[in-house]
Amino acid sequence: MRRLWRGFSRVYGCLAKNSFGQHLQQLYLNSLLTDQAICAHHRSLAKYLPGGQIGRGGSFGSLSRASRGMNFGSDPAYQAALEAAARSSVLAATNRFPRVSPVPKTTDPLLQLPNSNRDLSTNAAAPPRSSAQRSKPSAPIAETEAGKGAGRATSAPTETAVPPASQSTSRSREPGGGPAARGGVTASGPRRERSSAGGRQTSGERQPSSHTRGAGRGSESGSEARAAAETEMSKLRLDLAVEKEVVAGASEKSAKKRANGPKKDRQWFGIYPEHMLPQDLSTGLKSGKIFRGKIRINPGNANESYVTVPGLQHDLLVRGELNRNRAVEGDEVAVQVQPPSSWFIRNKVAQQQQQQQQQVTADPQMRRGPDEFPWQDCTSPDQVKQVICELLAAKPELRATAKVTGILTRSAKRDHLVGLLMLVGRLPDFGLPAWDPASGAAMPRPLSAAVEDALAVDAVGEPGDEGRAHLQLVPMDPRLPICRIRASQVYNMSAALLAGLLRGEPVAGRTLVSGLISYWNSNSLHPVATLRASLGQAGEIESETAAILETEAIRSGEFQADVLACLPPLPWRISEQDLAGRRDFRSHRVFSIDPPTAKDLDDALSIEPLHGGDGWRVGVHIADVSHFIEPFSALDVEAGRRATSTYMVQRVIPMLPPLLCEQLCSLNPGEDRLTFSVVWDMEKDGSIRSTWFGRSVIRSCAKLSYPLVQRMIEGDFRPEDTGVRLHGDGITWDQVEADSLTLWSLAKQLRAARFNGGALRLDNTRLFFLLDNDGNPVATAPYVQKEANQLVEEFMVMANISVARFISGVFPDRAMLRRHPPPKENKMSELRDAAQAAGVQLDVSSAASLQASLAALRASEPPEVEGQVVIEQLSSAARHRRMVDLVVMLATRPMQLAKYFSTGDCEDALQLWRHYALAVDHYTHFTSPIRRYPDVVVHRQLAAALDVTEKGLSPLAAAAKHRLLDPSLTSSVADHCNERRLAARDAQDASLRLYLCVLLARQPCVALGTVNGLGGDLFFSAYLTEFGTEVTVRIKEVGVPLTAEWNPGAKVLTLTRASEAEPGAAPIGRKRQGQAAERGRGRGQGQGQEPGTAAGGSGDGANSSLAEWVDSLPPVRNLHGLQPARLPLHLRQFDDVPLILTAVLTAGEPPRLTARLYLPEAEQILAVKSARGGEPEAAAKAHGPGEEAAAAAEASGSGPAVRQSMVPWDNMLVD
């Protein structure tokens, strides 16, 4: 990659100087994508530029529609650099981002920028070289095949994204731009063929392509630059051409072998249909015969996948691996709707399905035959969607199904597999001698012979030879496919790891490794993956945390030297130049309100009465992070790539280096800090008179905490007990307390006005953990949000709204805002019907009506439900609160995710800007730039907007001065931040789930669940309010003989003891459904170890009786003194039911909760264990859920417990 950068730097010497600004913007975006920062190369680039051009921003003002007079698309030198760099993949945007067009479109086909996005269509992919081809000298390929370096990712061939329709035709004609010319592999699957013009180059250089020469003739001024650019990048393109040619040869050999093989090899066993050609996909997308969308795989049943298509009321169902056609979770796929005769019929037994199918085929509109489509005469996607919706409305029992016909954009999950290695096709030899590489001794001969044999088998094997002995990577995520791994890669990563797998050592079988999918041929059941690193032993908290971070592609490593070089030298002081143009608030009472453990203090508040005493002046002061981050620097690129801080239970993965987020930018008390401020002059009722925006400087007088301010609000504040120091002359606690109470008074009025205006608030249970000194969880409790949290929240929301309105008014083509789409109407109708069936009335017509319904439900008396399970010692008010919590949780399910967006993407559709939950037309994120990159972008836009409104600059000049992203790049960065924010949230949720499962595996408990789903006579699900999660209870795994009767009309599940159970009959049990069973089958082939469980417990225990299962658990706590359920048991929606809750921690699988009914049999076992001294029952009952946390830490003798670092709930209240 360094060689690519050196070549790219030389290319810039041949470019026209006035286009550098656009080049650097494009480099910046793709640096976010290709893991390359540009700060370290400024010196080499600057020598080709006018003095100080980088520092001044060059021509960054050539943006969007305002730059129509500066058409870089007609600059041949500019086109030459982009084309050359795109072919070398330096400027190639990865498929996690939408396609970017950095130059205006031109009608000259010779000036079209080739699309360099890497495609996932396996039509363009092939396996590595065969054994015969490996003998040919080729340095890059040799390194790839050998897998040199421990954990090093190899450059395996990948596939290219489908180009736009406008490029697909011209691209296929370009000798230098088409896929055949870049390696001799076409995208036609079975029609692949070697290109005579695209074979391996034997000379050291490659001749310029014909379209380059044509462009030179067409523009005399750019011919030399284009030729120079082609020459500089030719060697870099040569490596890619050689690799593609070798890949094509291997694919040809494999295809020929299968065509001539046995008959069973020609039948479908892991052989997938070829993906459609790019031009066919483009035509299908335009006509509506093909739809596009991201595929989501059901983690409980990998045979079910879903694709959301805008305009269709329900997701398209993709059934089976064959129809999924090698798509991976998160891929953007092209899908073709199958004929109605193939649609899925929901919730019918076999006889009813057959009858319904006969009715469907008898329908006149569906009678054309199983292979024809009622919409085949439609000419647009909207017409096709209308026909599909009409068919589904006429047959509501049907579910439209589809099949994948192409992969448009690869999912990031393909590059971040985490799982265990498994030996397949041969049994481990337990008789092989042991070997400890740490001892320095050579590997024993019998063991080395076995290793050599494994490598020999691996060397001659083809990817399609599923019957041979090989290694597999079994991902922890059940949505991801099992992958084939080359034994040579395992050996090069760790010789002991391969030897351990051959010996069947449990340690080797529990070693978590990371990898990436290299390619997936249509003739192979499993994709081929490349190993990257070893993450440690499964079952250990730190190893599991590393697996979570790797799975979500969280950049958790140390900041690189070029990033740290962008930080100011220490000691740092605010200079007079820094203060120029800033409003000075250092003499004002400014203070922050944060969690007690917070280190990155990025917001503070101030308040003072207006002259005359008829109102208030309120200030929100936000750390001026953009002052320290130079646009397009290595620090900026790294912050953009991380996009957000990630909060795990035991630590924070920061977006910025600690020097910034904890020191220079953190608004620490008593220290001068640079800020961006929003100041309102307000009436006493909270209405705004005027608003001021600007850069400022503050000196915080105190770091207040939420509990401290809460005591002020509740009237229980005593200054002598605070332990907080005040800074500043003449500042007293009486003044600070008065300011806090005034702010709370205004915040209450603002909050009431916001909810009266239609805002919606859905708060689910959030947990925090107490950890011992070793980092293990000892207790957990729900985090309770109080008035102090709401005080800060209201002013942060108001600041975000004010800034959003301001920047979108000045830059309507590129302002980065945040919108929240409304939920789908059909999902909300399902919520209303489910609540109504349980006797709860919900109005879901709008956010305001839903908020009003929930408020009325909270204030209502507990409803009397006939047949409700009565739990002793629990009040009806407590049951009512659990029911309300469940309704709120169910109401969050239909909600869509809020997203960042560039206003230029929907400038003419202002209704798309609206935030549904906040009920506002303009919203953005401005108040947390230390932990969110979009806030940094917004700060820069705000600074530029102030220059427009206060200094009279034009929007174009202000954008150039502050080096803003153009509209296209703003949109791409917004999409990237959306993806990274979701990944950070998933990582945080996985961390919380991991710690909860570890805690419950060590400390099982009796908990009260509220029924939130009934699966006929098979299972029911229950929501656990105190843990903020739900669990599924399968009737056949309860551990006692039961008879289950399901009344579909009344929707009641009745459980009774089986009166005719045979004496001595084995307990009822059954395996989990879906991919878990499939993964278990794969895991058993030749694997010499059993999956282990961590931290106590006996796992599922699905085939054990209830008494045996309870007896095998660690001491079970019954903190609430719950009584067991009595049979017969009648379960309805929202009923309470006592459960015994624990967790299963199995190596190589995600941790999961498991529960069984708490019945008298279990109570008896617990009493016996308590009598034996196995459980401190009395001590457990003495503490409530919150008090038990501190008691557990004290009892463990570990000293003070550590709260979850940076409890994120305080700072993440509003999305």
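Does Lys1036 count as buried, partly exposed or exposed, and at what relative accessibility? At 43% relative accessibility, Lys1036 counts as partly exposed, where buried means under 20% relative accessible area, exposed over 50% and partly exposed in between, with a 1.4 Å probe and protein chains only. This is a predicted model, in which local features need pLDDT of at least 70 and side-chain atom pairs count only at pLDDT 80 or more, while totals for chains, interfaces and linings use all residues. Residues are numbered from 1 along each chain as its sequence is written, and side-chain values use heavy atoms, with hydrogens and water left out.

The protein contains 38 helices and 34 strands; helices (H or I, at least four residues) and strands (E, at least two) are DSSP runs, numbered from the N terminus. Of its 1215 residues, 57% count as buried. Taking contacts (heavy atoms within 4.5 Å) between residues at least 6 apart in sequence, 76% join residues at least 24 apart.

Lys1036 itself is found in the loop between β28 (1029–1034) and β29 (1042–1047). β29 belongs to an open sheet of three strands, ordered β29-β30-β31 with antiparallel pairing; two strands pair if DSSP finds at least two bridges between them. β29 and β31 (1129–1131) stand at the edges with a single partner strand each, so one side of each is left without a neighbour in the sheet. On average, and with direction ignored, neighbouring strands here are turned by 20° against each other, the axes being lines fitted to C-alpha atoms (for helices over the stretch in contact) and angles running from 0 to 180 degrees between N-to-C directions. Six bridges join β29 to the antiparallel strand β30 (residues 1052–1057), and Trp1046 has Leu1053 in β30 as its bridge partner.

A second open sheet has five strands in the order β3-β2-β1-β4-β7, again with antiparallel pairing. Its edges are β3 (316–319) and β7 (402–409), each with a single partner strand, so one side of each is left without a neighbour in the sheet. Neighbouring strands of this sheet are turned by 40° against each other on average, direction ignored. A hairpin joins β1 to β2 through six residues, and three bridges connect these two antiparallel strands. Tyr306 in β2 is the bridge partner of Arg296, and Tyr306 also stands opposite Leu317 in β3. Strand β2 (residues 304–307) is joined to β3 by four bridges, the two running antiparallel, and the bridge partner of Glu304 in β3 is Arg319.

Helix α12 (residues 278–287) lies across β1 (291–297), β4 (332–337) and β7, running at about 115° to β7. Pro278, Leu281, Ser282, Gly284 and Ser287 are the buried residues of α12. The helix is followed by Gly288, whose phi is positive, near 90°.

Twelve of the 17 residues of α30 are buried, so the helix is largely enclosed by the rest of the structure. Among them are Arg879, His880, Arg882, Met883 and Leu890. The buried residues of α30 pack against helices α28 (825–837) and α29 (847–859) and strands β26 (1005–1015), β27 (1019–1024) and β32 (1136–1144).

Finally, the aromatic side chains deserve a look. The structure holds nine aromatic pairs; rings of Phe, Tyr and Trp (its six-membered ring) pair if their centres lie within 6.5 Å, and planes under 30 degrees apart count as stacked, over 60 as edge-to-face and the rest as tilted. Phe693 and Phe806 have ring centres 4.8 Å apart and planes at 15°, so the pair is stacked. This pair links distant parts of the chain, with Phe693 in strand β20 (residues 688–699) and Phe806 in helix α27 (residues 787–810), 113 residues apart. Both Phe693 and Phe806 are buried. Arg642 lies over the face of Phe559 at 4.0 Å from the ring centre, and Arg1034 over that of Phe1019 at 5.8 Å.

Key:
Lys NZ or Arg CZ within 6 Å of the ring centre and 35° of its normal.
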